[in-house]
Amino acid sequence: MGCAMNHLSLFSSTGRGACARRRRGLTLIELLVVVAIMTTLMAVSLPILNPVAENRVTREGVRALQSALDTARMRASRLKRPCGLALVPYDAYPSVCLKCDPISCPPNYCGDALDSTCNISTGGQVTLTGGDATMLKAGNWIQFNHTGPWYRFSAQGQIQLPPDMPTNYKPFWSEGAGASGLPFAVRQYPVGNSANGFKKALGLDPPVTFPRGVVIDLYASGVGVSGGAGILASQWGTASTSKMPIMIMFNPGGGVEIYYNGQAVTIPVKQGDDYSPKIYLMVGHWSRGLREGDTLRPPQDGLSNVEVASTFWLVINPRTGLVTSAPNSPFNDAGNAASDVVNTRRFARSQRDTMGSN
């Protein structure tokens, strides 16, 4: 009897173990149900997670760009000459910028000898005594007696008055026989790392690159809030033909200049109803910034960088050189979608003013 009981209990325990082993597995139907649930959850969560991921990478990009601009501003103060960044348009799609090169103006040129001087005719034509005449070219600036304003050279080699001069201003050389025997200093056009013989001495940083998929949308970027489209699109050439870098230069004493296509671009004191135009750089996404000519190459959702909330504006005050960032707002005051770049720039400016960075 005892043997029978032992045998029965052994048999029962073995049977229970076999059943337990069979129950630990999943049937095909159960697996299909789990896969269907996971697929549904992913389909629901992806539209929510994508903007979060886009916001994170663009935030990293705007931080890198702001840090590079602040570094250029500090370098200009230390070296006592303009330093900045060159926004290099991408070859195939010049409406976007994938990298920024640190640039600087070489040391001021004061002639080949200690007693080098210059002469100015009444028409503003400059000749050098003891100096290299090739320095007097378009894009360079000259200062007389090492004091006073800087005057820019035109394409004909003549002096142009600074844009902030009164219309009735008469320069000292315009009367009589001009001026002669004046000490001078020539500030040269900015150069990048590859063409800069002082690269090692300056300790210039390597080019600024953005996270994958992040770009500066040059079509949406620009000056002021009453101009409409951006740098390459309307102000300084067309996106389909212009591939020249846009150079943002910080002056040693504060303030910002923009150079494009061999010339300094004047930032107006007043633009429409904007009494203090700022420089606006749109940091956005590659797929939302590509254009063929002036036509947007639409991404999957058909929205440009100014129409989504995962992009950022970098705002530069051209008078002080202060750089701040603000998130983009693709909606107007009524809560409706606002694709107008001017409205989004106005919001960025208001955010900047709220932060007390005027």
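The protein has an average pLDDT of 77, and 75% of its residues score at least 70. The model is predicted, and its confidence falls in particular stretches. Residues 6–11 have a pLDDT below 50, and the model shows zero contacts for this stretch beyond near neighbours in sequence. Residues 237–241 also stay under 50 in pLDDT; for these residues, the model has 11 contacts beyond four places in sequence.

Six helices and 20 strands are assigned in the protein. Of its 358 residues, 42% are buried. When contacts between residues at least 6 apart in sequence are considered, 64% of them join residues at least 24 apart.

An open sheet is built from four strands in the order β7-β6-β5-β9, with antiparallel pairing. The edge positions are taken by β7 (159–160) and β9 (184–187); each has a single partner strand, so one side of each lacks a neighbour in the sheet. Strand β6, residues 151–153, is joined to β7 by two bridges in the antiparallel sense. Arg152 has Gln160 in β7 as its bridge partner.

Val126 is found in strand β4, which covers residues 126–129. The relative accessible area of Val126 is 6%, and the residue is buried. Apart from neighbours within four places in sequence, the contacts of Val126 are Cys118, Asn119, Ile120, Leu136, Ile142, Phe144, Phe153, Gly157 and Ile159.

Strand β12 (residues 214–223) is mostly covered, with 10 of its 10 residues buried. Two bridges connect β12 to β2 (residues 96–104), and these strands run antiparallel. In this pairing, Cys97 stands opposite Ile216 of β12. β12 is also joined by six bridges to β16 (residues 279–285), again in the antiparallel sense. The bridge partner of Val223 is Ile279 in β16.

A further set of antiparallel pairings involves β14. Strand β13 (residues 246–250) pairs with β14 over five bridges, and Ile248 stands opposite Ile258 in β14. The hairpin of β13 and β14 has five residues between the strands, among them Gly254, which takes a positive phi near 100°. β14 is joined to β15 by three antiparallel bridges. Ile258 has Val265 of β15 as its bridge partner. In the hairpin formed by β14 and β15, two residues lie between the strands, and Asn261 in the turn has a positive phi of about 55°.

Five of the five residues of β14 are buried, so the strand is largely enclosed by the rest of the structure. This cover extends to both faces of β14: Val256, Ile258 and Tyr260 are buried on one side, as are Glu257 and Tyr259 on the other.

The largest pocket contains about 800 Å³ of space. Its lining comprises 28 residues, of which Pro163, Asp164, Asn251, Val256 and Glu257 are the closest to the pocket centre. At least two lining residues come from each of β14 (256–260) and β15 (263–265). By class, the lining consists of 16 nonpolar, five polar and seven charged residues.

How values were computed. Residues are numbered from 1 along each chain as its sequence is written. This is a predicted model: local features need pLDDT of at least 70, side-chain atom pairs count only at pLDDT 80 or more; totals for chains, interfaces and linings use all residues. Side-chain values use heavy atoms; hydrogens and water are left out. pLDDT is the predictor's confidence in each residue, from 0 to 100. Contact means heavy atoms within 4.5 Å. Two strands pair if DSSP finds at least two bridges between them. On a 1 Å grid over the protein atoms alone, a cavity is a set of points where a 1.4 Å probe fits but cannot get out, and a pocket is an open set with protein on both sides within 12 Å along at least five of seven lines; lining residues have an atom within 4 Å of a point. Grid points are joined across faces, edges and corners, and a volume is the space filled by probe spheres set on the points. Ala, Val, Leu, Ile, Met, Phe, Trp, Tyr, Cys and Pro count as nonpolar, Asp, Glu, Lys and Arg as charged, and the others, Gly among them, as polar. Buried means under 20% relative accessible area, exposed over 50%, partly exposed in between (1.4 Å probe, protein chains only).
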